[in-house]
Amino acid sequence: FLDFFAAGKLDFASATSIRFSPEGFERFYQDWEDLKGRLLLRPQSISNSPEVIRRIGCIAMNTPVEFDIYGHANSTCVMGSKMLNGLGGSGDFLRNSRLSIMHSPSVRPKGKDPTAITCLVPMCSHVDQTEHDLDVIVTEQGLADLRGLCPRDRAQEIIQKCAHPVYKPLLEEYYRLALDRCLKKGAAHEPHMLDKAFKMFLNLEEKGTMLIDSW
């Protein structure tokens, strides 16, 4: 936020803590006389209070590790088990804000493969934010507004608007196969194939890419 202050795009900021690189801290203290009246640190019990967040109509924006076709998000654990970071205040803000937004690249690189990892998966390997907490999902491919949509409509909207072109056909096929299988069982509110839902993750472990040959 130091650049925003310097550019005149930010007048005041509130937080529970701040963290900079060594160079950032040096810059922060050099500008202390200007910044000390423009930054307020509050206790978490106030800044993350659900009542305060809801009352002032916050717009919450967070970046997940991954999100799935129904709008659940994983903010903490890579491959379901390896802790990347803590949840922080994302749960408080995404659940109670006026508008909750998750933004993410559609893919991440691994080694020399720029599209080895898709951030949009059939089923999250770990869930921190549920489908009931998220209004909008954004990637560089597009924006999916999920407000008012049933699970099956959400899946189609997310795949069409947010999936990377490399993975979109696979995700579309997964949804079609899951829908067909679940309709035959009379249980298709949120169609899944539990024997295939984590196949992309297994392929990443075995072959270094989530781009599977087929379901």
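Predicted model: local features only at pLDDT ≥ 70, side-chain atom pairs only at ≥ 80, totals over all residues.
Local features were taken at pLDDT of at least 70 and side-chain atom pairs only at pLDDT 80 or more, while totals for chains, interfaces and linings use all residues. Residues are numbered from 1 along each chain as its sequence is written, and side-chain values use heavy atoms, without hydrogens and water.

Strand β8 spans residues 99–103. Strands are DSSP runs of E, at least two residues long, numbered from the N terminus. Pairing requires at least two DSSP bridges between two strands. Strand β3 (residues 59–62) pairs with β8 in the parallel sense over four bridges. Here I59 has L99 as its bridge partner. Strand β12 (residues 136–139) also runs parallel to β8, joined by three bridges. H103 is bridged to V138 of β12.

T118 lies in strand β10 (residues 113–118). T118 is buried, at 3% relative accessibility. Its side chain reaches the backbone oxygen of L120 at 2.8 Å. Leaving out residues up to four places away in sequence, T118 touches S106, V107, Y167, M200 and M210 (heavy atoms within 4.5 Å).

Nine aromatic pairs occur in the structure (Phe, Tyr or six-membered Trp ring centres within 6.5 Å). F1 and F5 pair edge-to-face (planes over 60 degrees apart), at 5.6 Å centre to centre and 85°. F5 is buried at 6%. F28 and W32 are likewise edge-to-face, at 5.7 Å and 75°. F28 is buried at 4%. Ring pairs link F1, F5, F20, F25, F28, Y29 and W32 into a cluster.

Note on methods
Buried < 20%, exposed > 50% of the residue type's maximum accessible area, 1.4 Å probe, protein only. Polar contact = N/O pair within 3.5 Å; in protein donor to acceptor, adjacent residues only side chain to side chain. Phe/Tyr/Trp six-rings, centres within 6.5 Å; stacked < 30°, edge-to-face > 60°.
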